[in-house]
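User: I am new to this structure. Please show me how to read its main features, one at a time.

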Amino acid sequence: MNLLADLHTHSISSGHAYSTLRENIEEAKRKNLKFYGISDHTKAMAGAPGDEYFYNMKVLKRDYGNITLLRGAEANILDYTGTIDLTKKLSIAPLDYIIASLHIPCIDPGTREENTAAVIGAMDNEKVRIIGHPDDARYPLDLEAVVKAAMDKNVLLELNSKSLSSESSRKDAKGNMVIMMDLLKKEGYPLIIGSDAHVDYYVGDFDNAIKLIEETNFPKELVINFDEDEKRLFQFLKIDL
């Protein structure tokens with residue numbers, strides 16, 4: 001089965017990624033994805049673009065031959081109430097979705113309770129449809145509470161393939177992913193795989209995540225990327241193209 005979409009990717013606009021939007025799109029086409037999402041880092045990350053970059057995404061066309069572009073952003077969670085670094089105007093305007101994530105340069109790790117409150121609070125932003133890499137032991141989370149909140153708010157939790165790479169700086173990601181997947185499996189609630197690509201050849205590269213899915217016997221029907229019909233994904237993103 002061909003994978004449907006990769007919504008967590010970065011271009012040179014993020015400041016620490018290495019490929020252009022066009023190069024990423026071409027790689028997504030080579031990987032036979034149906035949808036490609038660009039989700040550059042937002043302004044609290046060093047080197048990232050300002051609000052204007054995201055507002056002007058309205059100029060980007062959707063159709064690139066056999067692939068459709070989705071316009072996203074990976075916003076930084078800034079405090080333990082879940083504030084993100086995109087204005088409400090931008091959250092509503094041209095973006096199809098926002099990934100909200102905890103990043104070391106943008107927020108100091110707090111207690112388990114503080115980190116959990118930060119992630120759950122970010123879910124209240126109407127365009128936050130995905131929580132990025134909730135797997136980093138440097139930000140301990142009450143994963144049971146995070147899963148419950150995601151279900152209540154119809155937000156997707158990410159299985160981040162990059163977190164499982166030897167190149168990743170995140171700590172004990174695999175162990176935390178397994179806990180999260182067990183909770184989701186018990187509840188019958190889906191997750192989304194993201195490549196977190198920072199260079200074009202990692203776009204659509206889900207090998208590490210798929211290996212973990214197979215190791216844990218996680219139901220493939222609960223992986224929204226494995227669904228050939230985009231309707232279920234679009235229901236979570238709350239978009240209608």
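Analyst: Start with one definition. Helices are DSSP runs of H or I with at least four residues, numbered from the N terminus. By that count, glutamate 27 is found in helix α1, residues 21–30. Keep in mind that this is a predicted model.

User: What share of the residues is buried?

Analyst: Buried means under 20% relative accessible area. Buried residues make up 54% of the 241 residues in the chain. Now look at the contacts with a separation of 6 or more: residues 24 or more positions apart account for 79% of them.

User: And what does the outside look like?

Analyst: The chain exposes about 10300 Å². Carbon and sulfur atoms supply 49% of that area. As for charge, there are 29 positive and 39 negative charges, and their mean positions are 4 Å apart.

User: How do I read the two sides of a helix?

Analyst: An α-helix has 3.6 residues a turn, so residues three or four places apart point the same way. Now take α7. Its buried residues are Ala209, Leu212 and Ile213. They cover an arc of only 105° around the axis, which puts them on the same side of α7. On the other side, Asp207 and Lys211 are exposed.

User: What do the buried residues of α7 pack against?

Analyst: They pack against β6 (156–160), α6 (173–187) and β7 (192–194).

User: Which residues of α5 are buried?

Analyst: They are Leu143, Val146, Val147, Ala149 and Ala150. Their arc around the axis is only 165°, which puts them on the same side of α5. Glu144, Lys148 and Asp152 are exposed on the other side. The cover over the buried residues of α5 includes α4 (112–122), β6 and α6.

User: What should I look for in the backbone angles?

Analyst: Most residues other than glycine have a negative phi. Look for exceptions. Just after α5, asparagine 154 takes a positive phi of about 55°. α7 is followed by asparagine 217, whose phi is also positive, near 55°. Asparagine 217 lies in the loop between α7 (207–216) and α8 (231–237).

User: Is asparagine 217 buried or exposed?

Analyst: Its relative accessibility is 58%, so asparagine 217 counts as exposed. Another case is histidine 133, with a positive phi of about 30° although it is not a glycine. Histidine 133 sits in the loop between β5 (128–131) and α5 (143–153). At 5% relative accessibility, histidine 133 counts as buried.

User: How do I read a charged residue away from the surface?

Analyst: Check its accessibility, then its contacts. Aspartate 6 is found in strand β1, residues 5–6. Its relative accessibility is 0%, so aspartate 6 counts as buried.

Analyst: Glutamate 27 is buried, with a relative accessible area of 10%. Leaving aside its neighbours within four places in sequence, glutamate 27 is in contact with Asp200, Tyr201 and Val203.

User: Where does aspartate 96 lie?

Analyst: Aspartate 96 lies in the loop between α3 (88–92) and β4 (97–101). At 5% relative accessibility, aspartate 96 counts as buried. Not counting residues up to four places away in sequence, aspartate 96 touches Arg62, Leu70, Arg71, Lys127, Leu237 and Ile239.

User: How do I compare distance along the chain with distance in space?

Analyst: Pick a pair and read both values. Aspartate 96 and isoleucine 224 are 128 residues apart along the chain, and their C-alpha atoms are separated by 17 Å. Aspartate 6 and glutamate 144 are 138 residues apart in sequence and 26 Å apart in space, C-alpha to C-alpha.

Conventions: Residues numbered from 1 in each chain as written. Predicted model: local features only at pLDDT ≥ 70, side-chain atom pairs only at ≥ 80, totals over all residues. Heavy atoms only, no water. Helix = DSSP H or I, 4+ residues; strand = E, 2+ residues; numbered from the N terminus. Buried < 20%, exposed > 50% of the residue type's maximum accessible area, 1.4 Å probe, protein only. Contact = heavy atoms within 4.5 Å. Areas by Shrake-Rupley, 256 points an atom, 1.4 Å probe, with all protein chains shown as cover. Lys, Arg positive; Asp, Glu negative; His and termini not counted. Charge placed at Lys NZ, Arg CZ, Asp CG, Glu CD. Arc of directions from axis to C-beta.
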